[in-house]
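Hi everyone, thanks for coming.

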Amino acid sequence: MIDPTVVPVAVAFNPFDVLDVPAREWITLLVDWIVAVFRDFFRAYISPPVRAVMEAVHWAFSSIPPLLFLALVFALAWWAASWRVALFSVIALAVVGFMDVWSPFITTLSLVTTAVVFSMLIGLPIGILCSRSDTLYTLIRPVLDIMQTTPPFVYLVPAVMLFGIGNVPGLIATIIFAMPPVIRLTNLGIRQVSEDLVEAGIAFGSTPRQMLWKIQVPLALPTIMAGINQTIMLSLSMVVIAAIIGAGGLGLEVYAGLERLNIGQAFVGGIGIVLLAMVLDRITQGLGEHAPGRRKSK
Amino acid sequence: MIRVENVTKVFGANPQSVLPLLEQGKTKTEIQSETGHVVGVKDASFKVEAGQVFAIMGLSGSGKSTLIRCLNRLVEPTSGKIFFEDPEKGELDVTAMNVEDLRMLRRHQMSMVFQHFALFPHRTVLSNTVYGLEIQGRDKQEREEIGLKMLGMVGLGEWAEAYPSELSGGMQQRVGLARGLATEAKLLLMDEPFSALDPLIRVQMQDELKKIQAELERTILFITHDLDEAMFIGNKIAIMEAGEIIQIGTPEEILVNPRTEYVARFVEQADPTGVITAGTIAIPFRGTAFEQVREAGELKYLARQAYPEIEYGLDRDGRLREVVSAERSLTVEPLESVLEGRSHTSHERRRDDTLLTCTNRTVLRKLLQGRTYSTLPIVVTDEDGCAEGIVDEMELIGAILEKRGVSEEEAEAGIEAPRGRSSTA
């Protein structure tokens, strides 16, 4: 039985008064320390390659005349998916062009492409390593969880502190935010390859490398492609947010429109983003379904 | 070709700790409840000669799949030794090999066919077939040549560019077989290759495997849970129960002389007509069932006490020279020549003036077919043509119903027990 005289005391007692953890101060100190120590290193070794790739991609995309660009998209979408997707893609991009946001569209596409290229360059090898070591995956999983659940805005502050403002810090925040699906689904795809097939590979004397490239990666390809598809979608959403710290493109249209209460400008930017997202999604999904031996034809 | 000595496999956290318990004679169940370890294979020893088809028969959970995987170390044996006779390098200790040697052994000497085919779905039929050659590093033209030859052999030459998902189960396993044969490995490990197939397709595949084996003369280790399949395909059979090999012998030895109650239960269901041979069931002339009724010149005439009307005239070497029934001489013809081109559902009256002869390796099915031609007993001869004994209706019926040879007393009375003669081990 509860002693009635004790209850009020217990209720009145607030355990949170006893200890006050100065988390804000600690994190500020930590970020300050990281910035002080690594800022020069990051700016010297991380910014240049990211900037170089982004500028090259942007140069390539913007030097293609719009009509040729539409034709190329049509061909790519037909090859990767179907003529329906090809037709849809061309119409969607034509709408973007007629709304007079072609140039920001090209900028956003370049940012997304760059972010995805780096996410894959880093994410695919990490995913492959994770599929071979349970220990590594156990260590990396919480990091991936943090990367994905942290609100995108929170990345922007340290990104600005380390890299300043502009496209590059926006891209780096995007890469960190968008990479986890590639790692997760590469790992998952390889682990899902049927044990029977792996056993057959071993029984015929495959080396671990032959096993990876001749059996595991080809069979994991649809899953890996699903990861890349997610990464593209995430980087598109992040690239828009990155407009706050000075990244250009369609995100900037939205951001600028909101700041000036120009609803029309914001919506045009928003529609452009949605159309771009749909086109990229359909094309990459089509790629994933085209793995050999899984054709629906019979 | 391969020699397995006292191989034991225990699954669990600390397999070595269980070995002394096994030596004390504890059973699989006791060990499992006491230590949580599962004994997969217990003290298995056998030898497979080059060119032989060695079948391992057992129910699921008897450890047969674990045992076959110990041979190429897909499963690491807990104790025991495995020796492989390499045609060039002599005898190799598989259990002592390092990773690289083991990989070379798997690439060049041992290949495998799997129960659920394990074809690579992203590769075409041809590309699946040549996987082993690709791993060996052969150039593309050479491996495709070999691959197409193998596909032709299994009857899938037309399907080289198809994907496995487009094939039926039977066709998929043909690809599995072609892939196993393509590496030119001397030893082919087949883990229940036909178990997942429809009965009709299974029988067809068994026939084809026999044909291919006759042509290629590989050494095959064949796992199955079907005794009829084991007896049809195997030159020798090992029967497994609860991780142990409980009997090894030729199909006929096992059928006629099951060593344990467990084996006997299986044998009961088996079809003896393709396994039991004339030599095993014949009533021997030298046994007590026959006595000499008269002598004429070179020939001694023998007759059965129960059926004195037929007299068998043997010369000094034991060759059958004359058969006399009711004072007239009967025609003697070899069984093989009579069966040629004859349908055993013929409506002609059965002959009572022709006596058939056959060798002691003739199987029961052939004897039965012979009896549709003639009503008289069949005389069984050895390889040299000397008469061993006769097979009459009762022996045929006994062989089908009891799967036994002549009764124990008769066998002991015979100077050479027919059962001993039938074994070629």
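Let me start with a question: how many bridges join E3(B) to strand E8 of chain B, and in which sense do the two run? There are 5 bridges, and the strands run parallel. For orientation, E3(B) covers residues 53–57, and E8(B) covers residues 219–224. If you want a pair to click on, take Val53(B), whose bridge partner in E8(B) is Ile220(B). Please keep in mind that this is a predicted model.

Now, E3(B) has another partner. Strand E9 of chain B, residues 236–241, pairs with E3(B) over 4 bridges, again in the parallel sense. Here you can look at Phe54(B), which stands opposite Lys236(B) in E9(B). Further along, Met57(B) stands opposite Ile239(B).

Let's zoom out to the sheet. It is an open sheet of 6 strands in chain B, and the order reads E6-E7-E8-E3-E9-E10, with mixed pairing. At the edges we have strand E6, residues 110–113, and strand E10, residues 244–249, each pairing on one side only. On average, neighbouring strands in this sheet are turned by 20° against each other, direction ignored.

There is a helix here too. Helix H3 of chain B, residues 64–71, packs on the sheet and touches E3, E6, E7, E8 and E9 of chain B. The direction of H3(B) makes about 155° with that of E8(B).

So, is E3(B) enclosed by the rest of the structure or open? E3(B) is largely enclosed, because 5 of its 5 residues are buried. What about its two faces? In a regular strand, side chains alternate between the two faces of the sheet. For E3(B), Val53(B), Ala55(B) and Met57(B) sit on one side, with Phe54(B) and Ile56(B) on the other.

Finally, a few words on the whole chain. Chain B has 425 residues, and 44% of them count as buried. Its secondary structure comes to 18 helices and 20 strands. The C-alpha atoms fill a box of roughly 75 × 60 × 40 Å along the principal axes. And of the contacts in chain B with a separation of 6 or more, 62% are between residues 24 or more positions apart.

Note on methods: Residues are numbered from 1 along each chain as its sequence is written. Chains are lettered from A and ligands numbered from 1 in the order in which they are written. This is a predicted model: local features need pLDDT of at least 70, side-chain atom pairs count only at pLDDT 80 or more; totals for chains, interfaces and linings use all residues. A residue is buried if 20 or more other C-beta atoms lie within 10 Å of its own, exposed if 12 or fewer, and partly exposed in between; C-beta atoms are placed from the backbone. Two strands pair if DSSP finds at least two bridges between them. Axes are lines fitted to C-alpha atoms, for helices over the stretch in contact, and angles run from 0 to 180 degrees between N-to-C directions. Two residues are in contact if their C-beta atoms, placed from the backbone, lie within 7 Å.
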